[in-house]
Amino acid sequence: MRLELSERGLILAPQGRDAQVAAMMLREAGIGSDICTTILDLVDQLEAGAGFVLVTEEALRRADLRPLADWLEAQPEWSDFPFILLTQRGGGLERNPSAARHLKALGNVSFLERPFHPTTLVSMSVSALRGRRRQYEARARLLELSERRQHLTEANEMLEERVRQRTGEVEAAYDKVIEESVQRLHAEEQLRQVQKLEMIGQLTGGVAHDFNNLLTAVLANLSLLQRHLPADDVRAQRWIDGATQGANRGASLTQRLLAFSRRQSLALAPTDVVALVSGMKGLLERSIGPEIDLAFDLTSLDAVSMIDANQVELALLNLAVNARDAMPEGGQLRIGVDHFSGSAPDLPTGDYVRIWVSDTGAGMDADTLERAIDPFFSTKELGKGTGLGLSMVHGLAVQQNGALRLDSAPGAGTRAELFLPVTHERAEDSEAPTPAVAPLTRRSRIMLVDDDALIAMSSVDMLEDLGHEVVEANSGKEALDLLGKVEPIDLLITDFAMPGMTGAQLIDAVRSRFPDLPILLATGYAELPNGKLNDIPRIGKPYTQPQLASEVARLLSSV
């Protein structure tokens, strides 16, 4: 910014040649000047810039000084414009009373009495210019300070803005860290829950498998007792029937445990889910009773899934019974089948058949809903439920590559959704007649392999009671040794879970040596090598003598 530094003198002396004489004196001293004719002319020149004003007393006496006073009043803070006033008589205030008025009007005034020596005029003019230069310097300093203040203000504002931005970034980063910490804690809690359920599942599956072995021996011996008991011994028959019913209830419980632990043996087949649910209408109506308004939404659609139909029927029955128990005063129950495409929690992206069950019962709060699929958790009265229903459905869904989703709120009922993967294979005809098994008329030689002596003894007794010759082996290695030493075997029955050599390894070894030998796999759950034993006939533990007889007859009749 360029600052005005004018040092010219302005002369206002309207009478005689005073103005010209003064201008000449100043010019000879090297000071430039301009002559003004009126107060207004003087004000205009002051606006243009000047170093001092030389004015005569008579020029001010009758003039309107208001324009000049306004200009002086409007001076910036750094300016105190200098005047040299030429008086007729005594320049001091005590000898010239009018000077006091001029001092008040002009402010910075020096008095010079006429006549005066040129040197005095020049000296006073130089002094006035010196004072004006100091004012210019003060202006420059004030401007510099103002600029610095402006720069400092701008720097402070910029710093404050940066601090605000940085604070916002830090707060955002902090919020992100908190959110990630919450998500991590939630994920860790979910992982702990999954690990807990996995450990419970492993323990449950192991216990259920061992319990199945015990029940196999119990049911086998009950079958043999019932077969050889005199028909007229009614009381003994009643005892055996009661023991058999208890063992069957135990078998049903182990199936639920194995379903929760995802280790039950599944007979997977392409199944029309709409037809399956439609075929259960009568059973569902009888199970929930007349107090519940039951309706089905079974639109005509292609809903085929690779499932174990019996287990899915059991799962749907469990969901319906749970819904019934949630509506002790009656209510509405809706069951339907539709398609679902996409993904959901614990459900990979894909196409699914969805079976949904919706009730108008009491509903569940968030804590109960979170624990609903935990094993042995139940909201029913003591003795009214095992707490395995929903955990069994969940385990079955996961084992069939699907999922179970529950949605509920207090007073809003519950909606359960069972997702099952869509298959493009054609559904099997459920009404196709089952080929009859020809009655067995010959005695066969059967090798039975089981590491559990109690099961082996019971199974051998049942087979011998059916009229077969049985070769017993207590391990896979012993079975292979015997196959090369004894007379030809007509059928091999082997357990799956055995130490040293599993049933799968034994089957591979036997197939390589005796490819045409029929094999029956006895197992309580489906923890089998993927794809290796799908073509091997199975009998589920625990089994009874009639079930064993049926499977043996079916396999031997095909030889």
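**Reading the calls in this model**

User: What makes strand β15 count as mostly covered?
Analyst: Five of its five residues are buried. Buried means under 20% relative accessible area; exposed means over 50%, and partly exposed lies in between (1.4 Å probe, protein chains only). A strand is a DSSP run of E with at least two residues, a helix a run of H or I with at least four, both numbered from the N terminus.

User: What should I know before I start?
Analyst: This is a predicted model: local features need pLDDT of at least 70, side-chain atom pairs count only at pLDDT 80 or more, and totals for chains, interfaces and linings use all residues. Numbering starts from 1 along each chain as its sequence is written, and side-chain values use heavy atoms, with hydrogens and water left out.

User: Which way do the side chains of β15 point?
Analyst: L491, I493 and D495 point one way. L492 and T494 point the other way, and all of these are buried. In a regular strand, side chains alternate between the two faces of the sheet.

User: How do you know that β13 and β15 are paired?
Analyst: Pairing needs at least two DSSP bridges between the strands. Four bridges join β13 (residues 445-449) to β15 (residues 491-495), and the two run parallel. I446 stands opposite L491, and M447 opposite L492. On to the next strand: four bridges also join β15 to β16 (residues 519-523), again running parallel. There, I519 is the bridge partner of L492.

User: What order do the strands take in the open sheet with parallel pairing?
Analyst: The five strands run in the order β14-β13-β15-β16-β17. β14 (469-473) and β17 (538-540) are the edge strands, each pairing on one side only. From one strand to the next, the twist averages 20°.

User: Why are β7 and β11 called edge strands?
Analyst: They belong to an open sheet of five strands, ordered β7-β9-β10-β12-β11, with mixed pairing. β7 (292-297) and β11 (403-408) each have a single partner strand, so one side of each has no neighbour in the sheet. Neighbouring strands here are turned by 25° against each other on average, direction ignored. β11 meets β12 through six bridges, and these two run antiparallel. Across that pairing, R405 stands opposite E417.

User: What makes R415 and E417 a salt bridge?
Analyst: The rule asks for a side-chain nitrogen of Lys or Arg within 4 Å of a carboxyl oxygen of Asp or Glu. R415 and E417 come to 2.7 Å, N to O, and they pass. Under this rule there are 17 salt bridges. One network links D338, R354, R405, R415 and E417.

User: Why is E417 called buried, and why is R415 called partly exposed?
Analyst: E417 has 8% relative accessibility, so it counts as buried. R415 has 26%, so it counts as partly exposed.

User: How do you know that R148 and E144 form a salt bridge?
Analyst: Their closest N and O atoms are 2.5 Å apart. Both residues lie in helix α6, four residues apart, about one turn of the helix. R148 is at 53%, so it is exposed. E144 is at 37%, so it is partly exposed.

User: Why is the pair W71 and F81 called edge-to-face?
Analyst: Rings of Phe, Tyr and Trp (its six-membered ring) pair if their centres lie within 6.5 Å; planes under 30 degrees apart are stacked, over 60 edge-to-face, the rest tilted. Five aromatic pairs occur in the structure. For W71 and F81 the centres are 5.6 Å apart and the planes stand at 85°, so this pair is edge-to-face. W71 sits in helix α4 (residues 66-73) and F81 in the loop between α4 and β4 (82-87), ten residues apart. W71 has a relative accessible area of 13%, so it is buried. F81, at 1%, is buried too.

User: What makes Y352 and F419 edge-to-face?
Analyst: Their ring centres are 6.4 Å apart and their planes at 90°, so the pair is edge-to-face. Y352 lies in β10 (residues 347-359) and F419 in β12 (residues 414-421), so the pair ties together parts 67 residues apart in sequence. Both residues are buried.

How values were computed: Axes fitted to C-alpha atoms, helices over the stretch in contact; angles between N-to-C directions.
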